[in-house]
Amino acid sequence: MSKIFVDACFGKETPYTPVWMMRQAGRYLPEYMKVRAEAGNFLNLCHNPKLACEVTLQPVDIVGVDAAILFSDILVIPDEMGMDLEFVAGEGPKFNDPIKDEADLDRLIGGEEAASKLTYVYDTIKLIKEQLAEDKALIGFTGAPWTLATYMIEGEGTKTYNICKKMMYSNPALLHKILAKVTEVVKFYMEKQIEAGIDVVQIFDSWAAAIEPSKYDEFSWKYMVEIADYLKSKYPHIPIIMFPKGVPAFLDKVYGNFDVFGVDWSTPMAFAKEKLGEKYVLQGNMEPCRLYSQEETTKCVEALQGIMQGKRHIFNLGHGILPDVPVENAKHFINECHRVSKKS
Ligand code: CP3
C-alpha cells in the first residue's frame with residue numbers, strides 16, 4: 001500500500017496534503033504525561049521500546065496526523081558516544097562533561113561502534129512498525145552535527161553559543177574534527193534506523209540560526225549534505241527532509257541530494273517557494289503559537305494552501321508544538337489542513 005506521506009515527499013500528486021507536527025509526541029497530550037510518569041523520567045522513556053512505541057503512536061490515534069515520528073531525542077547520540085547526559089526537570093538537557101579539547105573528543109566512541117549502542121531505538125522502530133497502520137509513515141530522525149555539537153561543547157542549551165563560537169573562530173580545526181566524528185556516527189545511526197524500518201528521515205538543525213550566513217555551509221550544511229549523500233547512495237527510496245531552523249539568508253545557496261526542505265515559521269512560505277519550490281518539496285510552516293487560537297490557525301492554513309495550491313507541499317508547524325496547547329486546537333489544525341487541501 002502506498003503511503004500518502006512518502007508520495008508527497010517525492011512530489012507525487014496525493015488526494016490531500018499530508019500533515020504532521022514537530023514535537024507531536026509530547027507534553028500537550030495528557031496520555032503522554034501518563035506514560036512518562038510510568039517510565040519515571042524522560043530518558044527512561046527513550047530507553048523503553050514498549051513505552052516509546054506507545055507515545056509515538058499517540059498523536060496518530062488522538063490527533064490524526066499522517067505520519068508518526070519516532071519517540072526519542074537527538075541527544076541519545078552523544079550520550080552513547082560516551083558523554084554523560086542528564087535531563088534536569090524544568091531545565092532541559094545537560095552534559096556534565098562538555099568537550100573542551102581534542103583529548104575530550106578522542107575519548108568518545110565513534111562510527112559504527114557508537115551507533116550500535118542505540119539498540120533501544122532500533123527495537124522501538126520495529127515495535128512501531130508492527131502497530132502503525134500501513135498507510136501511515138514512520139519518520140526517523142537525527143540532529144544535525146552542528147546542533148548536536150552545540151550541546152556537546154556548551155554542555156547545555158545556550159542563548160549566546162559563546163563557547164562553540166569561540167571554538168569556531170579561534171580553533172575551527174577542532175570544531176571540524178568534532179563535526180566530522182558526529183557525522184560518521186549519524187551516517188551509521190540513520191542507516192540502522194532505515195534497516196529497522198523507518199520510512200522517512202528528518203535531519204533537525206534546530207540551532208542553524210546561530211551561525212552567520214557566510215559560515216553556515218562550512219560548519220553545518222555540508223555535513224548534513226554528506227549524511228544525505230551517504231543515505232541516498234544506499235537507500236534512494238527513503239525520502240530525506242532537511243530542517244535548518246531560521247536561515248532565510250541561506251535559501252539562495254541551498255544545495256544537495258535530498259527531497260524535502262522544512263521551512264521554519266520565520267521564513268515566509270511564498271519566499272521559500274520562489275527560491276526552492278521547484279527543486280524541493282516544502283514542509284511547513286505555521287507559527288506554532290497560532291495553535292492557541294483556532295481562528296488564527298484556520299487563517300494560516302488557508303493562506304498556506306493559497307500559496308502552495310496542494311502541490312509539492314507537506315503541512316507542518318514551523319517548529320515544535322508547545323506543551324500548553326489544547327489538544328482540541330491541535331486536532332483542529334490537522335482537520336483544517338485536510339479540509340482545505342482535499343481534492344474532490
Ligand atoms: O514528537 C516528536 O517530535 C518526537 C520526539 C522528539 C523529542 N525531541 C522528544 C522530547 C524529537 C524529534 C526531539 C528532537 C530534539 N531534541 C531537538 C530537535 C527538534 C527541535 O525541537 O528543534 C532538540 C533541540 C532536542 C533537545 C531537547 N530535548 C531539548 C532542548 C529538550 C528540553 C526542552 C523541552 O522541550 O523541554 C528536550 C526534551 C524533550 N525531547 C522532551 C520531549 C517530548 C520533553 C521532555 C519531557 O517529557 O519533559
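This is a predicted model: local features need pLDDT of at least 70, side-chain atom pairs count only at pLDDT 80 or more; totals for chains, interfaces and linings use all residues.
**H9 and H10.** H9 (residues 145-154) and H10 (residues 162-170) have axes that come within 8 Å and cross at roughly 110°. I count 65 to 115 degrees as roughly perpendicular, so I put H9 and H10 down as roughly perpendicular to each other. Next I listed who touches whom. H9 brings Trp 146, Thr 150, Ile 153 and Glu 154, and H10 answers with Asn 162, Ile 163, Cys 164, Met 167 and Met 168. Sorted by class, that contact has six nonpolar, two polar and one charged residues.

**H4 and H8.** Then I moved to another helix pair. H4 (residues 49-62) packs on H8 (residues 119-131) at an angle of about 50°, with the axes 8 Å apart. I noted this pair as oblique, and the crossing of H4 past H8 as right-handed. From H4, I found Pro 49, Lys 50, Ala 52, Cys 53, Thr 56 and Leu 57 in the contact; from H8, Tyr 120, Asp 123, Thr 124, Leu 127, Ile 128 and Gln 131. My tally by class for H4 with H8 reads seven nonpolar, three polar and two charged.

**Ligand.** Last, I looked around the ligand. I see 21 residues surrounding it, and the closest are Arg 27, Tyr 32, Arg 36, Ser 206 and His 319. I then checked some distances to ligand oxygen atoms. For Arg 36, a side-chain N or O atom is 2.3 Å from one. His 319 places a polar side-chain atom 2.6 Å from a ligand oxygen.

Notes
Residues are numbered from 1 along each chain as its sequence is written. Side-chain values use heavy atoms; hydrogens and water are left out. Axes are lines fitted to C-alpha atoms, for helices over the stretch in contact, and angles run from 0 to 180 degrees between N-to-C directions. Helices (H or I, at least four residues) and strands (E, at least two) are DSSP runs, numbered from the N terminus. Angles under 35 degrees count as roughly parallel, over 145 as roughly antiparallel, 65 to 115 as roughly perpendicular and the rest as oblique. A crossing is left-handed if the near helix is turned anticlockwise from the far one by less than a right angle, and right-handed if clockwise. Contact means heavy atoms within 4.5 Å. Ala, Val, Leu, Ile, Met, Phe, Trp, Tyr, Cys and Pro count as nonpolar, Asp, Glu, Lys and Arg as charged, and the others, Gly among them, as polar. A residue is near a molecule or strand if one of its heavy atoms lies within 4 Å of it. A polar contact is a pair of N or O atoms within 3.5 Å; within protein, one must be able to donate a hydrogen and the other to accept it, and residues adjacent in sequence count only if both atoms are side-chain atoms.
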